[in-house]
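This report describes selected features of one structure, shown directly below. Please keep the sequence and the model at hand while reading.

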Amino acid sequence: MTKFRLDPTIQVILMLGLGILLAFSHVLWLNITLCALCLLYLASQRVAFKKLGLILLISLPLACGTWWSFIAFSQTNAWANAALYTSRLFCYLLLGCCLLLTASLEEILFSLVLHLKLSQTFVYGFLAAANMVNALQKQLRSMRYAALNKQQPYHFYTPALYLKLIVTSLQWSDALAQAMQAQGFLEGYPRTFSFQDHLPKWQWGLAVMLIVLYGFLAFLN
């Protein structure tokens, strides 16, 4: 029996659709219900609770700041507004967690290419930049180590450090573009995919139903 899992494309649609409705909704219990459903989905996907807990812990100061700003400065219904907007913050956070903690970056982007016709040029460029982050961090450490050997330490506010990183990034970008062109990856040309992503039709219906249901309940009153 296969584990229930929403396709990344469906999760993006839900995140965007529900996110827009959340901005105009003023129903607290609906936001709490959405948060609970997100937590249940994350639990069903066996997401590491340590990672989820760390994310919630980092967001706690933002939630407290949102809560206190309404308690201190709201002219009417201070407690109700504080609870509403704090719950809205956690809704946005957990919707993002449902997507980013249950699927890799490659799965999300390639799913969007296959099902929503996202630009392949954008996807390959974005993946190339994302995969270079680790190499750029190593290059940064090498630059700082070389500067220490010359007794010219680089700090985070040193302009020369950022200038060298920009020059290095431009050189790598040019080398990557030439390498992709040498392998036949030309802009606008069709590409083959080894990535397979079967999206059941019922998930499209589920996404539409959840967005419509949330909108109906949010604006019923």
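On one side of helix H2, Leu 37 and Leu 40 are exposed, where exposed means over 50% relative accessible area, buried under 20% and partly exposed in between, with a 1.4 Å probe and protein chains only. The model is a predicted one, in which local features need pLDDT of at least 70 and side-chain atom pairs count only at pLDDT 80 or more, while totals for chains, interfaces and linings use all residues. Residues are numbered from 1 along each chain as its sequence is written, and side-chain values use heavy atoms, with hydrogens and water left out.

The buried residues of H2 are Leu 30, Asn 31, Leu 34, Cys 35, Cys 38, Tyr 41 and Leu 42. Seen down the axis of H2, these residues fall within an arc of 140°, so they line one face of the helix; the arc is taken from the directions from the helix axis to the C-beta atoms. They pack against H1, H3, helix H4 (78–100) and helix H9 (201–218), with contact defined as heavy atoms within 4.5 Å. Helices are DSSP runs of H or I with at least four residues, numbered from the N terminus.

Which side chains meet in a salt bridge? Arg 5 and Glu 107 do so, at 3.4 Å from N to O, the criterion being a side-chain nitrogen of Lys or Arg within 4 Å of a carboxyl oxygen of Asp or Glu. Arg 5 lies in the segment before H1 and Glu 107 in helix H5 (residues 105–116), so the pair ties together parts that are 102 residues apart in sequence. By this rule the count comes to 1 salt bridge.

| Residue | Relative accessible area | Class |
|---|---|---|
| Arg 5 | 29% | partly exposed |
| Glu 107 | 29% | partly exposed |
| Gly 17 | 17% | buried |

Gly 17 belongs to helix H1 (residues 8–22). Gly 17 and Ala 80 are separated by 63 residues in sequence and by 24 Å in space, C-alpha to C-alpha.

Technical notes: Helices (H or I, at least four residues) and strands (E, at least two) are DSSP runs, numbered from the N terminus.
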